Amino acid sequence: MPPDLKNSVAIVTGASKGIGRAVTLALAEQGVHVVLAARNSDALHTLENDIRATGNQAFAVTTDVTSEHSVNNLIYESEKKFGKIDILINNAGVGVFEKVIDTSTEEFEEMMNVNLKGAFLCSRAVLPFMMRQKSGNIITIASLAGKNSFSGGAAYSASKWGLIGFARSLMLEAREYNIRVVTICPGSVNTGFAEKERNEPLIIQPEDVASTVLFALSAPDRVNVSEIDIRPTIKPRT
Amino acid sequence: MIELEKNYIPTVWVTGATKGIGLATANAFAAIGCKVIVSGRNKNQLEINAGKIIDQGGFALPVVCDVSSERSVRSAMGTILKRAGIVDVLVNNAGVTVFQTFEKTTVKEFDSIVDTNLRGYFLTMKSVLISMLKNKRGHIFNVHSVSATTVFSNSSVYSASKAGSLALSRCVRHEVRKKGIRVVDVIPGAVETEMWSKQNRKRFHSKMMQPEDIADAIVSLYCQPQRITTDEIIIRPVEGDL
């Protein structure tokens with residue numbers, strides 16, 4: 001029997017929009033108590049209210065995942081509110097797509113800090129709780145850019161490449177405590193992440209990533225879906 | 001609850017369906033209402049497996065097939081097309097191994113492993129792709145192993161065959177992706193099947209997944225929305241790799 005997610009507690013970073021928002025809503029729909037973390041306080045509280053209106057539990061904690069202090073506060077508040085942490089969704093991410101010659105040092109550092117350091121800080125902070133309870137799920141939303149190189153994506157790709165390396169190593173450490181570490185690598189997702197919002201059928205929807213998160217979480221306890229790559233299906237020309 | 005597309009009953013061909021992951025996958029597809037072609041080398045066992053599916057109200061057709069033989073694959077495909085008309089889904093699962101150091105591995109063992117695990121995938125994919133490309137739809141699941149990308153002792157030829165089947169599959173996906181065919185690489189860690197000795201199955205039980213775990217994952221991925229495709233999935237026992 002797949003594990004029942006009802007009443008488990010999940011922290012979702014980057015919950016205010018895109019994939020994070022879709023994952024948060026999908027988890028809440030399963031009866032998971034969700035902690036919403038992001039920098040945008042207004043968007044976060046709107047989502048918190050929307051979820052509460054459906055009768056599910058949500059708790060917004062304005063968080064900057066690049067700040068150790070802010071992440072520690074997120075974990076402290078989550079534990080205080082719900083008494084446990086079962087699931088961490090490392091989703092917060094930023095992307096600037098420019099050639100190396102045009103990428104500023106600040107842009108490079110922002111991507112490394114949010115995409116890589118943020119996942120490190122959040123994972124490290126939840127580990128003591130999960131290790132103590134000898135269970136837990138750390139799901140990292142990486143990207144196929146972490147496996148494929150492309151022109152105009154050097155810094156972003158490097159941050160995601162690092163993230164996958166981080167998650168693979170974490171998986172080997174955390175499994176000793178029955179903690180599952182899952183890395184999801186989506187291709188192009190329609191998140192508004194790129195400057196121009198795209199609506200082509202070739203773009204997968206945030207909800208598709210959310211359903212992949214649920215798929216990984218619903219695997220039997222003995223099974224760890226350690227990596228999964230998803231891409232839009234290309235419709236053949238008729 | 002996993003559901004099929006309305007008003008359509010897909011035909012699923014599972015190789016290596018006499019036991020283990022193949023049998024579990026055939027059962028899992030039958031359980032959601034698919035027509036299942038169970039193929040393998042052991043005719044009696046295939047008939048027993050198909051009979052059990054039919055007894056449960058499902059549709060199953062046993063077809064003897066040695067995937068390493070071009071003639072056998074062609075004959076099996078002919079039977080399938082005659083009896084079922086189409087293959088919507090191919091699950092390439094048939095596999096063999098010998099746990100042996102490199103220097104003790106014989107040429108005969110090398111040929112047997114590569115013929116089934118690599119050449120077999122080539123032959124079956126080739127046989128189903130003709131009609132899938134014509135219909136502009138189809139789903140191929142290629143079951144490999146984490147040994148395709150990880151170093152293990154006593155497994156050099158098996159690893160080589162799995163690395164080969166993974167590379168083969170990735171290239172096929174690259175070619176047919178734009179033509180409506182979805183090719184999914186399933187890369188499992190240790191699964192408790194007869195590929196392992198009784199002694200090892202007992203000793204490493206907690207570090208092995210069950211065939212149904214892989215089967216259920218395959219069926220879930222098959223039922224994903226049409227707009228997304230899972231290219232690769234690595235699935236391992238939580239407790240550790242062997």
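A strand, as the word is used here, is a DSSP run of at least two residues, numbered from the N terminus. In this predicted model, Ile9(B) lies in the segment that comes before one such run, strand E1 (11-15) of chain B.

The surroundings of Ile9(B) can be followed from there. Leaving aside residues up to four places away in sequence, Ile9(B) touches Gly33(B), Cys34(B) and Lys35(B). For Lys35(B), the separation from Ile9(B) is 26 residues in sequence, while the C-alpha to C-alpha distance is 6.8 Å. Ile9(B) is partly exposed because 13 other C-beta atoms lie within 10 Å, a number between the limits of 12 or fewer for exposed and 20 or more for buried.

Confidence in this chain can be stated briefly. Chain B has a mean pLDDT of 95, with 99% of its residues at 70 or more. For the complex, the predictor reports an ipTM of 0.89 and a pTM of 0.92.

The next step is the interface. Here 23 residues of chain A are in contact with 25 residues of chain B. On the side of chain A that touches chain B, helix H6 (206-217) and strand E7 (223-232) of chain A each supply at least two residues. The largest share of that side, ten residues, comes from E7(A). By residue class, the side of chain A that touches chain B comprises eleven nonpolar, four polar and eight charged residues.

How values were computed: Residues are numbered from 1 along each chain as its sequence is written. Chains are lettered from A and ligands numbered from 1 in the order in which they are written. This is a predicted model: local features need pLDDT of at least 70, side-chain atom pairs count only at pLDDT 80 or more; totals for chains, interfaces and linings use all residues. pLDDT is the predictor's confidence in each residue, from 0 to 100. Two residues are in contact if their C-beta atoms, placed from the backbone, lie within 7 Å. Helices (H or I, at least four residues) and strands (E, at least two) are DSSP runs, numbered from the N terminus. Ala, Val, Leu, Ile, Met, Phe, Trp, Tyr, Cys and Pro count as nonpolar, Asp, Glu, Lys and Arg as charged, and the others, Gly among them, as polar.
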